[in-house]
Amino acid sequence: MSDQAKFQKTADFLCCMDCIGFNLRKANRAVSQLYDEMLRPTGIRGTQYSLLVVLKIVGPVLVTELAEKIVMDRTTLSRNLEVMEKQGLVSVTPGEDRRTRKVMITEMGSAVLSDAYPLWQRAQAKIRESMGEERLQSLMADLSALIEISQVD
């Protein structure tokens, strides 16, 4: 392959460096690493913290409904819940219909959530202080819009 052909082949993909999906995943990994590190003393990760918060707020909920609320596929959510159930953080029980499962936060999960809260606040403060309130509010609004735009019908 000639140098010109190699350049052309590479040049066609340079625009992909601005890929919204790639850059969001990259930012997500960086932010997740920060939260995971801050929450490490509690033995949970940022994803688990977020699930515990949602469960604390909404109460017992069907796994399917929880997946919809947090925009996560049911298979991934079920794997996460399985780990959290083994840790004693959540309880997963059969729903009214045998095909459904209901999940709720346990007393232990609530206790871990309370312990994790000040650590989560420190992670939030680090980002908030670095970005500034106006930029952060704009980012959050933009992320909400992206979520809505990206929903598959």
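**Helix H6 and its surroundings**

I began with burial in H6, in a model that is predicted, and found that Gly 109, Ser 110, Val 112, Leu 113, Ala 116, Leu 119, Ala 123 and Ile 127 are buried. I then asked what these buried residues pack against, and the list came out as helix H2 (20–39), helix H3 (46–58), strand E3 (101–105) and helix H7 (133–150).

Next I looked at the course of H6, which covers residues 107–131 and, with its 25 residues, reaches 35 Å from first C-alpha to last, close to the expected 36 Å. I noted a kink of about 35° at Tyr 117, shortly before the proline Pro 118. At the end of the helix I checked Gly 132, which follows H6 and has a positive phi, near 90°.

I went on to Thr 42, which I found in the loop between H2 and H3. Its side chain reaches the backbone oxygen of Leu 39 at 2.6 Å. When I set aside the neighbours within four places in sequence, Thr 42 was in contact with Val 112, Asp 115, Ala 116 and Leu 119, and I recalled from the burial list that Val 112, Ala 116 and Leu 119 are among the buried residues of H6.

Last, I turned to H3 and helix H4 (residues 63–70), which pack at an angle of about 115° with their axes 12 Å apart, in a crossing that I recorded as right-handed. Where they meet, I listed Leu 51, Val 54, Leu 55 and Val 58 from H3, and Leu 66, Lys 69 and Ile 70 from H4.

How values were computed. Residues numbered from 1 in each chain as written. Predicted model: local features only at pLDDT ≥ 70, side-chain atom pairs only at ≥ 80, totals over all residues. Heavy atoms only, no water. Helix = DSSP H or I, 4+ residues; strand = E, 2+ residues; numbered from the N terminus. Expected span 1.5 Å × (residues − 1). Bend = angle between axes of the 7 residues up to and from the residue. Buried < 20%, exposed > 50% of the residue type's maximum accessible area, 1.4 Å probe, protein only. Contact = heavy atoms within 4.5 Å. Polar contact = N/O pair within 3.5 Å; in protein donor to acceptor, adjacent residues only side chain to side chain. Axes fitted to C-alpha atoms, helices over the stretch in contact; angles between N-to-C directions. Left-handed = near helix turned anticlockwise from the far one by under 90°.
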